[in-house]
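Q: Please examine one metal site of this model closely, together with the part of the fold around it. Which atoms hold the metal, and how is the neighbouring sheet arranged?

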Amino acid sequence: MRFLENRDVSLVTMHQKEQVIKPLLESELGCRLHVNTFDTDQFGTFTREVKRPHDQFETARKKVEKGIEQSSVKVGVASEGTFGFHPLSPIAWNTELVFLKDYEQGIEVYGYYEGFHTNFNHTIVQDYSSALQFAHQIGFPDHHVILRPDDEHSSILIKEVMNETLLQEAFTYCFNKSTNRQVFIETDMRAYANPTRMQNIAVATERLIEQANTLCPTCGTPGFRLVQKVPGRLCEYCHTPTKQTAKHLYACQACSCKQLIEIDAGVYASPAHCDFCNP
Ligand SMILES: [Zn+2]
Ligand SMILES: [Zn+2]
């Protein structure tokens with residue numbers, strides 16, 4: 001029997017994430033998904049900063065909790081994304097988490113997408129043709145944009161810009177409101193306004209399903225998963241343990257079962273990662 005066979009699941013979303021989450025969860029886990037459209041903006045809207053992974057996880061968990069409080073359903077799912085620039089290079093970066101909790105069985109499962117498959121971007125323009133050029137670069141009109149007068153701090157903003165007529169109107173409006181003759185334009189990262197993001201949410205959902213389908217070898221509870229990456233891969237040159245991951249520790253959330261799995265056995269770490277060879 002599948003993890004959520006014939007169970008009702010409440011999905012908390014304002015931005016039509018059910019488009020990708022519902023078909024995947026229903027076909028793979030056997031549940032019935034119901035959309036709960038309460039205002040998730042109370043958990044914060046997008047900023048131009050990457051939130052810490054812990055914040056992202058707790059936010060998703062709180063969304064699920066809120067959704068469950070408002071319904072008679074005992075299983076909740078929510079997703080939470082962050083955008084920013086990769087810490088080591090100026091590449092736009094997206095992390096998507098899909099988190100599910102079964103309150104009846106006390107089981108949590110989740111999946112992440114992490115990578116640079118995103119159009120996350122913004123710029124400042126002085127004329128309409130530059131606004132249109134930016135829009136085309138980020139995949140407009142399939143991907144929507146948001147405009148503000150002056151800069152990112154303006155409290156005036158125009159959303160739902162999804163065709164050239166609306167883009168022209170939004171640009172003219174913001175340009176006329178601007179105190180310094182410029183307009184801030186950025187990608188709209190809400191799921192329904194951003195098909196690239198929707199694809200990443202689908203990937204995270206698939207990883208959640210994979211985790212749910214991994215059963216504890218001892219007690220059979222779904223969600224047997226990676227809890228720790230253990231360093232110690234040996235240096236290729238001097239055979240000293242390095243900080244590179246050598247093993248993955250898997251654990252059950254219901255019993256004390258743990259498994260240490262060697263990753264890429266026989267593969268050495270580059271001396272570049274070795275404290276002895278490259279201090
Ligand atoms: Zn070495
Ligand atoms: Zn177990």
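A: Donors are here the N, O and S atoms within 2.8 Å of the metal, a cut-off that is 3.2 Å for Na, K and Ca. The model is predicted. By this criterion, the donors of the zinc ion (ligand 2) are spaced along the chain as C-x2-C-x32-C-x2-C. They are the SG atoms of Cys-216, Cys-219, Cys-252 and Cys-255, which coordinate the zinc ion (ligand 2) at 2.3 Å. The angles among the 4 donor atoms run from 105 to 116°, and the site of the zinc ion (ligand 2) is tetrahedral.

Two of these residues show how the site relates to the chain. Cys-216 is found in the loop between α5 (195-212) and β10 (225-231), while Cys-255 belongs to the loop between β11 (245-251) and β12 (258-262); the pair therefore ties together parts 39 residues apart in sequence. Cys-216 is buried, at 4% relative accessible area, whereas Cys-255 is partly exposed, at 27%.

The strands named above also form a sheet. It is open, has 3 strands in the order β10-β11-β12, and is paired antiparallel. Because β10 and β12 are at the edges and have a single partner strand each, one side of each lacks a neighbour in the sheet. On average, neighbouring strands of this sheet are turned by 25° against each other, direction ignored. Between β11 and β12, which run antiparallel, there are 5 bridges. Opposite Ile-261 in β12 stands His-248.

Technical notes:
Residues are numbered from 1 along each chain as its sequence is written. Chains are lettered from A and ligands numbered from 1 in the order in which they are written. This is a predicted model: local features need pLDDT of at least 70, side-chain atom pairs count only at pLDDT 80 or more; totals for chains, interfaces and linings use all residues. Side-chain values use heavy atoms; hydrogens and water are left out. Four donors count as tetrahedral if all angles lie between 85 and 135 degrees; four count as square planar and six as octahedral if opposite donors are over 155 degrees apart and all others between 65 and 115; anything else is irregular. Helices (H or I, at least four residues) and strands (E, at least two) are DSSP runs, numbered from the N terminus. Buried means under 20% relative accessible area, exposed over 50%, partly exposed in between (1.4 Å probe, protein chains only). Two strands pair if DSSP finds at least two bridges between them. Axes are lines fitted to C-alpha atoms, for helices over the stretch in contact, and angles run from 0 to 180 degrees between N-to-C directions.
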